[in-house]
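The entries follow in the order in which I made them.

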Amino acid sequence: MVFRKLPGVSASGMGLRLSQKFVFLLFLSGLVTLCFGALFFLPDSVRLKRIFLSKTDTQPHLKRAKDQEHLRGITSGKGETSTKLKSLSRKPSVSHEATEERLAGGKAQEDLTLFRSKAESASERATFSNHGASSDTFSYNKFKQCLLKAPLGREQGRPSDPRTAERRDKVKEMMKFAWDNYKRYAWGKNELRPLTRNGHIGNMFGGLKGATIIDSLDTLYIMGMTEEYNDAKEWVQTSLDLNSNGEASLFEVNIRYVGGLLSAYYLTGEELFKKKAMELGEKLLPAFNTPTGIPRGVINLGSGTSWSWGWASAGSSILAEFGTLHLEFVHLSELSSNAIYKEKVMNIRKLLSKIEKPHGLYPNFLSPVSGNWVQHHVSIGGLGDSFYEYLIKSYLMSDKTDEEAKKMYYSALEAIEANLVQKSPGGLTYMAEWRGGILDHKMGHLACFSGGMIGIGADDGVPEKRQHYLDLAAEITHTCHESYTPTKLGPEAFRFDGGAEATATRLSDRYYILRPEVIESYMYMWRLTHDPKYREWGWEAVEALEQHCRVDSGFSGIRDVYATTVGHDNMQQSFFLSETLKYLYLLFSDDDLLPLEDWVFNTEAHPLPIIRSVPPPLSQ
């Protein structure tokens with residue numbers, strides 16, 4: 001190589017400068033190599049490693065849970081049958097095992113998560129290094145002063161009517177029976193298999209255990225089951241390990257674990273529950289690391305890597321999942337004094353408020369990359385349901401100050417009435433599903449929560465529609481009652497075509513997995529109207545559960561609600577203790593047990609308090 005001599009520079013001087021540059025470049029190269037290598041040993045290094053390592057090396061990280069059990073559903077006596085995701089539902093019970101190959105777009109979306117900047121990840125972790133200290137600014141005593149009534153009422157909600165009190169006692173006995181058998185045969189597992197008398201772990205909770213324990217904390221507490229509650233609290237103290245490295249449903253972990261822990265804290269003041277809720281809430285945040293801020297449905301609780309369900313159209317996120325985070329995340333911000341949780345869900349709200357909606361309706365699938373709808377399937381049942389529920393409940397939980405939630409809810413309800421609400425030839429009011437402009441005259445059991453939802457929102461719409469909304473709520477609740485068959489238990493879905501009137505016409509829709517939605521609406525409609533028929537309908541359900549679902553060692557779902565001899569699915573779902581039995585207990589209690597003036601229920605029936613900044617003038 002020939003160097004040209006520069007004017008005014010000697011050969012020796014130029015050589016010295018070149019030597020200095022060479023040393024500097026050598027030092028810089030070593031520094032870059034050192035820093036780059038260090039990235040592989042940081043807590044989040046799995047994301048970078050997956051970019052550069054071979055497919056063989058990345059297999060453990062890409063593997064998904066097996067048996068695409070849909071978000072909640074049936075499980076056979078030997079576990080062969082899949083569980084239907086309740087986000088197929090409001091609460092998917094499922095574990096999807098996506099294979100390595102995603103639907104079109106799914107892998108690309110996951111890679112976008114992997115390429116998130118290290119600086120952003122480090123910034124989020126730094127933010128949380130101090131959240132434990134800031135959480136001390138929340139005052140539990142001040143919170144209690146902001147309640148209008150004592151949470152458990154004057155006499156724990158015990159009704160003065162002896163017959164109603166006896167029925168309530170029966171529900172408590174059912175809870176004790178379900179709990180005692182869970183404790184005897186499945187303690188620490190997620191759910192009880194009552195026929196085989198063993199526990200079920202599943203893979204939708206990312207390695208977390210004790211789902212039935214967390215889901216039951218508030219139910220045990222409000223029923224006055226002190227010994228059982230203390231056993232549950234001790235398990236949380238000694239055995240609830242949140243340092244799992246599994247792949248979890250963001251939706252399920254939020255509504256069951258975060259919701260259950262938050263509710264237990266607000267009811268009892270036990271700091272243990274708050275601490276666990278905050279720790280787990282932090283682990284869910286990486287799911288929001290997408291181009292739009294719309295979280296993906298599955299998250300590895302250890303690495304923070306997230307992806308979409310393998311069955312979701314084109315790698316999309318599900319309306320009923322990303323739309324069912326608001327209540328819990330707002331309370332996480334309240335307790336921690338850290339706005340990041342509320343910011344995450346408000347960003348979802350902002351996007352949904354702005355996006356164009358076909359006929360004012362919200363389709364079930366949204367791309368977390370583009371922020372556009374993926375397909376135009378609309379349902380008030382599975383895949384869509386609890387999004388609408390959380391709109392009206394966000395407004396109520398804000399002490400009726402969240403005007404945007406109110407506006408979105410009533411606009412959505414108007415579109416639902418205009419496009420989905422139908423009347424059958426037999427005079428039953430139902431909510432059909434909408435597929436690109438074509439109605440599917442089917443209503444799912446999951447959609448039966450909507451009677452209660454429309455009822456609790458009746459007071460806050462335009463005054464001239466208050467009675468209309470109450471009537472609509474009553475009509476839908478009546479339809480759902482009519483779907484309950486000669487066994488007095490309802491199918492997973494029922495139809496209104498081909499001469500059918502609230503009847504399951506497909507064998508695959510005939511099962512009942514201890515779902516709560518119909519009973520949930522009974523409870524709300526009782527509180528709103530005090531019409532005695534709702535308590536009578538609730539008692540019918542109690543008798544049916546006892547006759548058809550109670551087995552020697554717990555309660556089990558059944559495979560065919562029309563069969564004269566029932567077959568059991570061998571699964572005591574955790575939501576049976578959290579929701580079904582809780583709503584029945586409240587139905588037969590006085591209204592001052594968890595009064596609606598102070599509490600809203602998340603979609604797993606965990607009560608969360610209405611947020612007030614100052615005590616009411618006339619607190620009781």
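Which residue in S7 does Ile-299 stand opposite? I looked this up in the model, which is a predicted one, and found that Ile-299 stands opposite Ser-306.

I then followed the strands around that position. Strand S6, residues 298-300, is joined to S7 by two bridges, and the two strands run antiparallel. They belong to an open sheet of three strands in the order S5-S6-S7, with antiparallel pairing. Its edge strands are S5 (247-249) and S7 (306-307), each of which pairs on one side only.

My next entry concerns Leu-280, which I located in helix H12, residues 271-284. Leu-280 counts as buried because its relative accessible area is 0%, under the 20% cut-off. Leaving out residues up to four places away in sequence, I noted that Leu-280 touches Leu-208, Leu-242, Val-253, Tyr-257 and Val-258. I also looked up Leu-261, which is 19 residues from Leu-280 in sequence and 9.7 Å from Leu-280 in space, C-alpha to C-alpha.

Last, I turned to the record: an unreviewed UniProt entry places the feature "active site" at Glu-252, Asp-385, Glu-492 and Glu-517. Of these I checked Asp-385, which lies in helix H16, residues 385-397, and is buried with a relative accessible area of 0%. I also checked Glu-492, which sits in the loop between helix H19 (466-483) and strand S17 (493-495). With a relative accessible area of 11%, Glu-492 is buried as well, since that value is under 20%. Apart from neighbours within four places in sequence, Glu-492 is in contact with Gly-444, His-445, Leu-446, Asp-509, Tyr-511 and Arg-515.

How values were computed
Residues numbered from 1 in each chain as written. Predicted model: local features only at pLDDT ≥ 70, side-chain atom pairs only at ≥ 80, totals over all residues. Heavy atoms only, no water. Helix = DSSP H or I, 4+ residues; strand = E, 2+ residues; numbered from the N terminus. Buried < 20%, exposed > 50% of the residue type's maximum accessible area, 1.4 Å probe, protein only. Contact = heavy atoms within 4.5 Å. Pairing = 2+ DSSP bridges. UniProt positions renumbered as here; feature names shortened; annotations may be inferred.
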